[in-house]
Every structure is written in structure tokens, then in C-alpha cells.
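Me: I'm new to this one and would like to go through it with you. Could you take my questions as they come?

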Amino acid sequence: MPVPPLLALRGIRKRFGAVEALADVELEIRAGEIVALMGDNGAGKSTLVKVIAGVSPADEGVVRWEGRTVRVRRPHEAHALGIATVFQDLALCDNLDVVGNLFLGRELRRAGLLDEVEMERRTRDLLGSLAIHVPDLRARVATLSGGQRQTVAISRSLVGEPRLLLLDEPTAALGVQQTSRFLDLVEMLRDRGVGVLLISQNMGDIKAVADRVAVLHLGRNNGFFDVSTASQEQIISSITGVTSPPGATRRTAHARRGER
Amino acid sequence: MNGLRRALRSGTEAAGRRLRGGEPGVLPVVVGVLVIWSVFQILNGNFLAPRNLSNLSVDIVGAGMIAVGVVFVLLIGEIDLSVGSVSGLAAALFAVLNVQHGMAEWLAVVIAVLSGAAVGSLHGFLIARVGAPAFVVTLAGLLGWNGLMLYVLGAGGTVNLDEDSLIGKLTGHYFHEVAAAYGLAAAGSVLCFLVYYRDRRRRRAAGMSHRPLAEIAVRTGAVALVAFSAAHVLNRFQGLPLALLAFLLVVGGLDLVLRRTRYGRKVYALGGGGEPARRAGIDVVRVRVSVFMLSGTMAAVGGLFLASRITSVSQTSGSSLLLMNVIAAAVIGGTSLFGGRGTTWSALLGMLVIQSIASGMSLLGIQSAVQFMITGGVLLAAVVIDTVARRTRREHGRA
Ligand SMILES: Nc1ncnc2c1ncn2[C@@H]1O[C@H](COP(=O)(O)OP(=O)(O)O)[C@@H](O)[C@H]1O
Ligand SMILES: [Mg+2]
């Protein structure tokens with residue numbers, strides 16, 4: 001029997017009032033694999049991330065974790081499985097400092113009280129290993145720049161040794177050098193067996209690190225590609241909805257929606 | 001001496017940096033207390049007399065206990081307008097159960113405090129689970145619980161308490177032994193030093209930046225100076241008041257809870273808006289409910305101390321003036337109305353400002369009209385500082 005994927009989604013559906021943000025979405029992520037999720041603005045990528053992270057659960061559909069059907073309807077249920085997320089809006093607590101944000105919800109304790117020294121030491125080491133410089137670990141994150149905030153959010157996702165990492169446009173505010181360091185890090189995690197879902201608008205980055213690409217268009221699957229064999233044009237036309245490749249999904253996007 | 005000078009300089013620089021960065025801390029209110037005390041002492045030589053200061057230290061306890069609960073509520077970015085009425089209700093329950101129905105005193109105290117907790121939980125449930133705005137829910141509480149208090153008190157309207165009873169001793173008992181006040185001052189100073197020193201040792205061992213020894217000496221010295229001066233003054237009157245001891249233990253204990261426990265971290269996290277905290281896996285509803293429960297509990301505790309101070313419960317217990325004072329105290333003490341910043345010490349410091357003004361005014365024989373105006377002005381100043389500080393932080397933040 002083949003090893004079941006780390007995460008498998010089937011028939012995920014999510015509406016916001018009249019807007020059908022996700023319809024019949026499927027996705028599989030294996031351990032030690034980087035899956036890129038691409039799609040135009042409003043395609044439903046962030047919505048899908050929030051479904052998996054238990055932040056805003058699906059209306060319908062099945063989530064399987066290592067083959068087992070699981071419930072992820074609350075953030076801590078996702079955390080318990082080992083799912084860590086960098087949200088597009090970062091979701092940092094502005095009035096906590098860097099250390100407080102990294103360890104929020106899983107603070108280290110010593111004799112029952114918060115162990116600030118150890119948390120700060122680990123924060124420093126983690127940021128150091130990411131080659132990130134934040135001038136003051138005790139500064140409230142509201143006082144940090146956009147790039148710094150993003151690096152804080154990224155570091156936070158790594159604190160608990162996650163098994164599945166959801167990265168929603170994690171490099172949007174990073175510089176070129178920081179981005180390439182970050183991508184190195186993601187590859188390193190993949191090699192350690194972490195499953196990664198990477199959302200990015202940057203085809204170059206995706207080509208460089210991803211193993212597979214899943215495309216969403218108007219809330220529906222619109223193709224899965226193997227990065228080593230698919231051409232850039234194929235992927236782009238699938239993102240823009242010009243094509244809906246055969247066999248991309250069991251039920252391909254409606255022709256009505258495919259054309260615009 | 002060189003080290004000392006360096007420590008002083010780095011200390012003032014850090015304070016300046018915090019001010020410019022929009023983190024005023026306790027500095028403005030400490031300066032405020034000193035100014036107020038100087039002014040009243042100049043106007044009336046009795047203000048700083050041991051008797052007056054000792055009374056002041058007991059007078060702040062009742063409302064101060066309530067203000068501690070309000071600090072928690074403000075920290076999560078909410079408001080509780082019901083605390084005055086809840087304190088009156090708890091006191092009335094105690095008085096009626098104990099004095100009129102002859103219930104054992106300790107049992108009546110427990111029931112009074114639990115009723116505060118229950119009322120707070122009810123508010124919390126309606127706010128956090130049902131989603132009703134805290135302003136309206138607790139405004140309804142302000143009216144409703146005051147009504148219930150009047151109902152409980154019944155036709156008589158006033159219940160007198162026994163000065164020698166347990167409840168009377170809450171604010172009537174003093175530890176006359178000189179060693180009590182000095183011992184507390186010494187314990188506080190040593191604790192302060194140990195906390196700083198151990199923190200420094202661990203940080204140094206981990207190769208992290210740490211406070212220089214001279215700075216620790218200066219900080220501990222400042223704490224010791226305040227503590228021993230207070231002990232000296234208290235000992236020149238009746239000694240250490242039990243009420244003050246209780247208040248310090250509550251403020252210190254809840255400060256520890258806020259800053260050094262997971263629960264406290266969750267409370268602060270909620271002050272940054274609920275959503276980030278929720279996504280971090282925090283049970284936001286539960287924390288909110290617990291904070292309103294704590295607020296109700298502290299209101300009840302404060303109500304008992306207030307009743308003890310005047311050894312009676314009457315229809316004027318838990319007035320809206322009390323509500324104004326406790327919220328003003330929290331804000332004057334440096335707790336932000338915008339959530340997420342403040343400590344329990346602001347309840348103590350803010351109450352000290354308000355009660356100092358009240359005490360000084362009554363010494364001078366000035367009517368309460370003027371006192372209200374001045375307290376109102378101080379509150380306004382505190383809110384302006386809070387708002388400006390917040391704007392400064394924002395400008396620093398996103399620049
Ligand atoms: N909380 C919400 N309420 C209403 N509509 C929403 C909400 N979140 C997302 N949507 C809608 O769902 C669709 C997908 O959004 P999103 O997942 O953010 O897209 P993407 O991340 O791919 O750009 C959009 O049409 C968006 O307007
Ligand atoms: Mg998005």
C-alpha cells in the first residue's frame with residue numbers, strides 16, 4: 001500500500017454569502033514535498049489556507065491527515081496536527097514583542113512561570129539561523145518594518161517544528177537576498193521531510209523550489225503540474241483561465257467560468 | 001562611582017527613548033504623585049503627616065481593588081461599567097446575610113465574592129459568546145445590579161457593620177509591630193534585587209544583553225527607598241495596615257499572573273485585537289469571560305473593603321462616582337484605553353493620585369465641586385497622554 005499523503009483535501013467548498021470562494025477543491029501534499037499554489041487575485045488561495053489552518057473551516061469537504069479523516073475546525077486543532085501557517089496578513093499581535101509573538105500559545109515555562117530568557121535565546125538563535133536581523137527582540141512588533149514583520153511571522157511558523165507549513169505569499173515584503181535565503185530554508189525543511197504549501201506570485205521562485213504546482217481559478221482547481229516537465233506558458237495560461245488542461249481535475253472548471 | 005554614573009545615564013537615556021517611542025511607563029504618574037504631594041504639603045503642612053498618609057494608604061484599597069479588575073478589562077480592549085454597582089451589590093449581600101440573617105461571617109464573605117464572580121461571568125458570556133457590546137451589557141449591569149442592591153437592602157436602606165468583626169478588621173486592623181512594615185519593605189527590596197540579579201545571571205550565561213550590576217543597584221535602591229520611607233511613615237502612625245498589605249499582595253500577585261504566566265500572556269495578546277490571538281490557537285472566548293469574571297470578583301472584594309472602611313452598607317454604596325474613580329485610576333495609572341498595555345500597578349498609582357487629591361482638598365476644606373473638576377482634569381490629561389503616546393508609537397511603527 002502506498003504511503004498516504006500528509007494532507008489530502010477532497011471536495012472542499014466554502015462560501016461567503018453569495019460568493020463561492022472555493023468549490024470542489026482537491027489538493028494533496030506529501031511529506032518532503034513543496035507544492036506551489038498559484039492563481040490570480042481572488043482565486044481563493046488564502047481562503048484555502050485558512051481552511052487548512054482551521055481558521056475559517058470549510059462548509060463541506062474532507063480533510064485527511066496521513067490517510068485519516070481529521071477535524072480542523074479550530075486553529076489549535078491544526079496546530080495539534082503539526083500545521084504551521086504564515087498568513088498573508090501575518091496575524092501578528094501588534095502589542096506583543098517579537099519573542100512574545102514567536103511563542104504565543106506555546107510559551108516555555110520554568111517552575112510554572114514564563115521562561116523569558118530561554119524564549120529570547122531561542123528567538124535569537126532562530127532569527128540568526130535565518131540570517132534575519134531584528135534590532136530589538138523586545139520591541140513590540142507594531143514598531144517593525146513590513147519586511148521585519150514578515151520575518152517574524154515566518155520565524156513563528158518554524159518554532160514548533162511543524163510537519164506541514166502553509167506559506168501565504170511569505171516573501172511579498174522581503175528583499176531579493178532575504179527571499180533567496182528564505183527559499184533555501186524552505187528547501188532545507190523539505191529535505192527534512194516537512195510538507196510545504198507555498199503561495200507565490202513569482203514564477204521564478206516557484207520554478208526554483210517547488211516540486212508541483214496546483215492552480216486555482218475562481219475557486220476551483222484548474223490544473224496540477226509537475227514543475228520539472230510543465231512549461232511556464234502552460235502554467236500561466238492555466239492561472240489566467242485561458243486553458244483548463246485535461247485531467248487537471250476530476251471535474252474541470254466550467255467553461256462558462258473558464259472564459260472571461 | 002563610575003559604574004553608578006553610567007547606570008544613571010543609561011537609565012535616563014532608556015527612559016527618554018521610551019518616552020519618545022510612545023512608551024511613557026509609570027514615570028508620568030510617579031512625577032504626578034510627587035507634584036500633587038508637594039503642592040498640598042505647601043498649602044497645608046498636615047498633608048504629609050504620618051496620620052494623613054496612613055489613612056490615604058487605607059483609603060485607596062477599596063476602590064483600588066476594583067480598579068485592578070478594571071485594568072484587566074482595559075487590557076483586553078473592553079470596558080466594564082458595572083463594577084461600581086457590583087461592588088455595592090456584593091457589600092449589600094454580605095451585610096444582609098450576615099447582620100440581618102445571622103449567617104456566619106466567613107460564609108457571607110464567600111457568597112458575596114462568588115456573587116461578584118457570577119455576575120462578571122454573566123457579563124462575559126453575553127459579551128464574548130453572544131457578541132453583545134461590552135459597553136451596553138455592562139451599562140445594563142450598572143443599572144440592574146444597582147437596582148438589585150436597593151432591593152436586597154430593602155426598606156431600611158442602611159445596614160451597620162460591627163467594627164470588631166472580621167469585615168471591620170479588613171480596614172481597621174494595623175500590625176503595630178514596627179518589624180511588620182519594615183519586614184515587608186525589606187522583603188520587597190530583596191525580592192526585587194533577586195529577580196533582577198537572577199535574570200541578569202541567566203541572560204549573561206546565555207550570552208545575551210543584560211543589565212549592568214550598577215543599574216540593578218540603582219533600581220533596587222529606588223524600590224528600597226520608597227518601601228522603607230513608606231514603612232517609616234506608617235510606623236509613626238499605627239503601623240502597617242492590614243488593608244494595605246492585602247492590596248499590595250493582590251497587586252503584586254496579579255502582576256505576576258499578567259506578566260509571567262501563560263494566562264497573562266493571553267490577556268495581553270487579546271489587547272492586540274482578537275483575531276491574531278485566535279489564530280495562535282488561543283480560546284479567545286474563554287479568556288474574555290475569565291477577565292470579566294475577574295473584574296466582577298475584584299469589584300465584590302473592593303466593595304467589602306469599602307463597606308469595611310465606613311462600617312456600613314447603604315443605598316449610596318457602589319455609586320457611579322466610584323465607577324468614574326476606578327476607571328480614571330486605571331487610566332491615570334498608565335493603563336491604555338486602547339487595550340494591550342498597562343499593569344496592575346497602575347491601579348495603585350492611579351488611585352493614589354485620585355485619593356491624594358481628595359484627601360488634600362478635604363484638608364483644605366475645599367468642596368467636592370472643585371475636587372471633581374480637578375480629578376476630571378487629571379483624567380483628561382491622562383487620556384491625552386495615552387492617546388498621544390499611541391499616535392507616537394504608530395508613527396514610529398510604520399515609518
Ligand atoms: N471573509 C470574507 N468575506 C467575504 N468574502 C471573502 C472573505 N474572504 C475572502 N473572500 C472572497 O473570496 C474570494 C477569494 O479570496 P482569497 O482567498 O483571499 O483570494 P486569493 O488569496 O487567491 O487572492 C474573493 O472573491 C474574496 O473577495
Ligand atoms: Mg491571498
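Me: Leaving aside neighbours within four places in sequence, which residues is B:R288 in contact with?

Reply: Bearing in mind that this is a predicted model, B:R288 is in contact with B:I76, B:E78, B:A128, B:L270 and B:G274, once its neighbours within four places in sequence are set aside.

Me: And where in chain B is B:R288 found?

Reply: B:R288 belongs to helix 13 of chain B, which covers residues 284-310.

Me: Does B:R288 count as buried or exposed?

Reply: B:R288 counts as buried, because its relative accessibility is 19% and the cut-off for buried is under 20%.

Me: OK, switching to the ligand. Which residues are around ligand 1?

Reply: The residues around ligand 1 are A:F16, A:V19, A:A21 and A:D40, together with the run A:N41, A:G42, A:A43, A:G44, A:K45, A:S46 and A:T47. By class, this shell has 4 nonpolar, 5 polar and 2 charged residues.

Me: Which helix gives the most to that shell?

Reply: Helix 1 of chain A gives the most, with 3 residues. Both helix 1 (45-52) and strand 2 (19-29) of chain A supply at least two residues each.

Me: What polar backbone atoms does an oxygen atom of ligand 1 lie 2.8 Å from?

Reply: An oxygen atom of ligand 1 is 2.8 Å from a polar backbone atom of A:G42, and there is also a 2.8 Å distance between a ligand 1 oxygen and a polar backbone atom of A:K45. For A:G44, the distance from a polar backbone atom to an oxygen of ligand 1 is 3.0 Å.

Me: How much of ligand 1 does the protein cover?

Reply: The protein covers 60% of the 560 Å² of accessible area that ligand 1 has on its own.

Technical notes. Residues are numbered from 1 along each chain as its sequence is written. Chains are lettered from A and ligands numbered from 1 in the order in which they are written. This is a predicted model: local features need pLDDT of at least 70, side-chain atom pairs count only at pLDDT 80 or more; totals for chains, interfaces and linings use all residues. Side-chain values use heavy atoms; hydrogens and water are left out. A residue is near a molecule or strand if one of its heavy atoms lies within 4 Å of it. A polar contact is a pair of N or O atoms within 3.5 Å; within protein, one must be able to donate a hydrogen and the other to accept it, and residues adjacent in sequence count only if both atoms are side-chain atoms. Accessible areas come from the Shrake-Rupley method with a 1.4 Å probe; for residues, only the protein chains shown count as cover. Helices (H or I, at least four residues) and strands (E, at least two) are DSSP runs, numbered from the N terminus. Ala, Val, Leu, Ile, Met, Phe, Trp, Tyr, Cys and Pro count as nonpolar, Asp, Glu, Lys and Arg as charged, and the others, Gly among them, as polar. Buried means under 20% relative accessible area, exposed over 50%, partly exposed in between (1.4 Å probe, protein chains only). Contact means heavy atoms within 4.5 Å.
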